[in-house]
Amino acid sequence: MARREVSDEQRTYSGVFLLAVGMLLIGAVWSVVDDNFFRRPWKLHQARFFEIEHDQLLEQIAAEDARLAADPEYQKASADLAAASEKLQGGDTAKRLAELETKLHEVKTRHGDFDLELRIQKSRLEEAWYEYEHALHAKYPAAELEERKAHIAHLDEGRLTFEKGFNDTRDEIKQIESELSEVRSEVQSLESQLYEMRTERRRLDERLAGIGLNLGPWKVPKVGKIQQVVLPEFERSNFDNPLMRVDRCVSCHVGINRVGFEDAPQPYTTHPDREVLLGNHDPDKMGCTPCHQ
C-alpha cells in the first residue's frame, strides 16, 4: 500500500511543543531550587535551626504553662479574677455598673454639646469684638458703639453659661469614671497581678512570633540571609598593604552565640565556654576564623 504523504501545513508538532514546554518548566524549577538551596546550603542550616528553636520554644511554653498551673498563688488569683468578673456581670454590682455606664454616656453627650456651643459662642464673641473695634476706628456714633458693647456683654454672659456647663459636665465625667474604676478595681487589680505573673509566658510568645512567619496553622522561617563580619585589617600582604577578611561562619553556625543550644547538633550548638571566650572576644568584631583558622 502506498504511503500517504502529509503536507507541512497539515503536519502537527503539538507533541514536540508539549515536550519542549515541559522541559523548559522543569529546567526553570530546577534553576530556582538549585540557586536558592543547593548553591546556598546556609539557607537549609538556618531553616533547620528555626525548627530546633521553634520546638525548643514550644517545650519552654509548655513547661511555663505547667509551672503556672501548679503555682497556688497563680491559681488563686485566676479563681479570684473569675469570681470578681462574674460578680460584675450579675446582681447589684452589675446593676450599678450598668447605671453608671448609662449615666456616663448621657453626661458625655451633654459635655460634647456644651463644648460645641462654647466654641460657637467664642467665635461669635470674636466676630463682635472685631466689629466693635472696626466701628471704634471708624468713629461710629457713641450710641452705636454702646449698642455693640452691650451685644458683646450679652454674648459674654452666654459664654460664661456654656463654660459653666462645660466645666460641670467635665467634673461629673471624672466623678462617674472614678466610681466605675472603684467598682472595677478588684478585677483590674487581679488582672494586673496575673499580667505580672505571665511575664515569662509573654516573653516566650514574643520570641516564638519573632523567629518566623505565622501563616495560619503553618509556621515558616523567615527568608534566610548571609550573616557576615568584615575584618578590615586582618592581615597584611607582602607589600604591607592591609587585607580584609570576610567571615561568614555564623551563616551556618547560627546558635554559636545563643544560650540554650548547648545540646543542639552541629553546626547549631552554642560555643563551648561561651561566656568566657566570646565574652572576651566579641564575634561581631573578631569573627570566628582568627581562632579557628
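Helix 9 gives the most to the lining of the second largest pocket, with three residues. The model is predicted: local features need pLDDT of at least 70, side-chain atom pairs count only at pLDDT 80 or more, and totals for chains, interfaces and linings use all residues. Residues are numbered from 1 along each chain as its sequence is written, and side-chain values use heavy atoms, with hydrogens and water left out. Helices (H or I, at least four residues) and strands (E, at least two) are DSSP runs, numbered from the N terminus.

**Second largest pocket**

- This pocket has a volume of about 190 Å³. A pocket is an open set of points on a 1 Å grid over the protein atoms alone, with protein on both sides within 12 Å along at least five of seven lines; lining residues have an atom within 4 Å of a point. Grid points are joined across faces, edges and corners, and a volume is the space filled by probe spheres set on the points.
- The second largest pocket is lined by I256, H271, L277, L278, H281, P283, M286, G287, C288, P290, C291 and H292. Two or more of its lining residues come from each of helix 7 (274-280), helix 8 and helix 9 (289-292).
- The lining of the second largest pocket has eight nonpolar, four polar and no charged residues. Ala, Val, Leu, Ile, Met, Phe, Trp, Tyr, Cys and Pro count as nonpolar, Asp, Glu, Lys and Arg as charged, and the others, Gly among them, as polar.

**Largest pocket**

- The largest pocket has a volume of about 700 Å³. Its lining holds 24 residues, and Q46, F49, Q227, V254 and R258 are the ones that lie nearest its centre.
- Helix 2 (41-70) and helix 8 (283-286) are the elements that give two or more residues to the lining of the largest pocket. Helix 2 gives the most, with six residues.
- Twelve nonpolar, six polar and six charged residues make up the lining of the largest pocket.

**Cavity**

- The structure holds one cavity of 30 Å³ or more, where a cavity is a set of grid points at which a 1.4 Å probe fits but cannot get out. The volume of the largest cavity is about 30 Å³.
- V229, D247, C249, V250, P283, G287 and C288 line the largest cavity. By class, five of these residues are nonpolar, one is polar and one is charged.

**Cysteines**

- The structure holds zero disulfides, a disulfide being a pair of cysteine sulfur atoms within 2.5 Å.
- For C288, the closest cysteine sulfur is in C249 at 4.2 Å, which is too far for a bond. C288 is buried, with a relative accessible area of 18%; buried means under 20%, exposed over 50%, and partly exposed in between (1.4 Å probe, protein chains only).
- C291 is in no disulfide, and the nearest cysteine sulfur, that of C288, is 8.7 Å away. C291 is exposed, with a relative accessible area of 61%.

**Aromatic pairs**

- A search of the whole structure finds three aromatic pairs. Rings of Phe, Tyr and Trp (its six-membered ring) pair if their centres lie within 6.5 Å; planes under 30 degrees apart count as stacked, over 60 as edge-to-face and the rest as tilted.
- F49 and Y268 form a tilted pair, at 6.4 Å centre to centre with 35° between the planes. The pair links distant parts of the chain, with F49 in helix 2 and Y268 in the loop between strand 4 (242-247) and helix 7, 219 residues apart.
- F49 and Y268 are both buried. Together with F261 they form one aromatic cluster.
- W129 and Y132 have ring centres 5.9 Å apart and planes at 85°, so this pair is edge-to-face. Both residues lie in helix 4 (residues 91-137), three residues apart, about one turn of the helix.
- W129 is partly exposed at 40% relative accessible area, whereas Y132 counts as buried at 13%.

**Backbone and one buried arginine**

- The peptide bond from Q266 to P267 is cis, with omega near 5°. P267 is found in the loop between strand 4 and helix 7.
- K139, which is not a glycine, has a positive phi of about 60°. K139 is in the loop between helix 4 and helix 5 and counts as exposed at 73% relative accessibility.
- D240 also has a positive phi, near 65°, and lies in the loop between strand 3 (229-236) and strand 4.
- R159 is found in helix 5 (residues 142-197) and counts as buried at 18% relative accessibility. Neighbours within four places in sequence aside, R159 is in contact (heavy atoms within 4.5 Å) with L118, Q121, K122 and L125.
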